[in-house]
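Me: I have a model open and want to walk through it with you. Can we start with the core?

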Amino acid sequence: MPPRPARARRARRSAGLVAVAATLVAAGCGPSGAPDRAEPTRAPSSAAATPTPTTSAAPVPERPVVRAGTVAEGAPATASGEGPARVTVVRDGDFGVVAHLDCAACTGEVVLTSDGRMSPWGAGPAPMTGSYLVDLLTDTEAKQGFLLDASGPWTLTFESWNDLPATTGPQQGSGSTVLVLGDTAAAVRLDYTPAGPGDSMLARVVSAVDVDPATGPASLAFGDEVAFSETADVAMPGVVALSTNGSWTLTPLP
């Protein structure tokens, strides 16, 4: 399948990317309407009223809150627990936040999400590990909350994207990850193979060098539920976040 070009769009301002670029340069890398209603049926007047038994549903236990504390540049924040939980973290600074989930000793299905999200940050069968770009600083609060469904022990570590190591050249792997690409490149090609039925890929590419003072960095989000090869015209160096259970290859293009 030939690569399909993907045009970059600009996200709202996302602070911290300049710091990423500076770090890379310092390291020697280039820059519906309403539903129908059924009419109620009425019992004949001669019919004896039959009392309706009342039942009380078992209360749903609240998730325990686990506080990771404060994440800052050079100072990750970590939370650990066992079973479902609500995890909170506070961002101290202007940077994107990456969440590293370790649920390698879990069983069953694992879901990491946030209140109000249409789709989770990550989901799949245990054992499961992965990294997710959970905060791009587009009108987000410093305090963040995450919902974790898991059976077994887990650890969530939150880190500034400025603290991620830079990589160069083609990158290959499987599962969810966040990468800082240090290459000077005009585009990035992503080749993706699903792990199986139901798997999908959501990719986000954010430039650290093509940054408009009014609109922020050039960025692009794309994906599919089938295998594909797609080129994102976003200048690198920058950050690439891949959310999937499948395998992928990421190639900087001159």
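Me: Which residues of the largest nonpolar core touch the most other members?
Reply: L101, V110, W154, L156 and F158, in a core of 34 residues. A nonpolar core here is a set of buried Ala, Val, Leu, Ile, Met, Phe, Trp, Tyr and Cys residues joined through side-chain atoms within 4.5 Å. Buried means under 20% relative accessible area, exposed over 50%, and partly exposed in between, with a 1.4 Å probe and protein chains only. Strand β6 (residues 97-103) gives the largest share of this core, five residues.

Me: What other core is there?
Reply: Another one, of 19 residues, lies apart from it, with L179, A185, L220 and F228 among them.

Me: Back to W154. What is it in contact with?
Reply: Beyond its neighbours within four places in sequence, W154 contacts V66, A79, S80, G81, E82, G83, A85, V87, D102, C103, C106 and L148. Contact means heavy atoms within 4.5 Å.

Me: Before I go on, what are the ground rules?
Reply: This is a predicted model, in which local features need pLDDT of at least 70, side-chain atom pairs count only at pLDDT 80 or more, and totals for chains, interfaces and linings use all residues. Residues are numbered from 1 along each chain as its sequence is written, and side-chain values use heavy atoms, with hydrogens and water left out.

Me: What is the mean pLDDT?
Reply: It is 81 for the protein, and 74% of the residues reach 70 or more. pLDDT is the predictor's confidence in each residue, from 0 to 100. Strands are DSSP runs (E, at least two residues), numbered from the N terminus.

Me: Where does pLDDT stay under 50?
Reply: Over residues 7-16, for which the model has 47 contacts beyond four places in sequence, and over residues 18-53, with 24 such contacts. Where pLDDT is low, the predicted coordinates should not be read in detail.

Me: New topic. Where is P84?
Reply: In the loop between β4 (77-82) and β5 (85-92). P84 is partly exposed because its relative accessible area is 41%. Its C-alpha atom is 4.5 Å from that of D149, 65 residues apart along the chain. Not counting residues up to four places away in sequence, P84 touches R63, P64, L148, D149 and A150.

Me: And S131, buried or exposed?
Reply: S131 counts as buried because its relative accessibility is 14%. It is found in strand β9. Leaving out residues up to four places away in sequence, S131 touches V98, A99, H100, S176, T177, V178 and L242.

Me: How much space lies in the largest cavity?
Reply: About 40 Å³. A cavity is a set of points, on a 1 Å grid over the protein atoms alone, where a 1.4 Å probe fits but cannot get out; lining residues have an atom within 4 Å of a point. Points are joined across faces, edges and corners, and the volume is the space filled by probe spheres set on them.

Me: What lines it?
Reply: V71, V89, V90, R91, V97, V134, D135, A142, Q144, F146 and F158 line the largest cavity. β5 gives the most to that lining, with three residues.

Definitions and conventions
Helix = DSSP H or I, 4+ residues; strand = E, 2+ residues; numbered from the N terminus. 1 Å grid on protein atoms, 1.4 Å probe; cavity = no way out; pocket = protein on both sides within 12 Å on 5 of 7 lines; lining within 4 Å.
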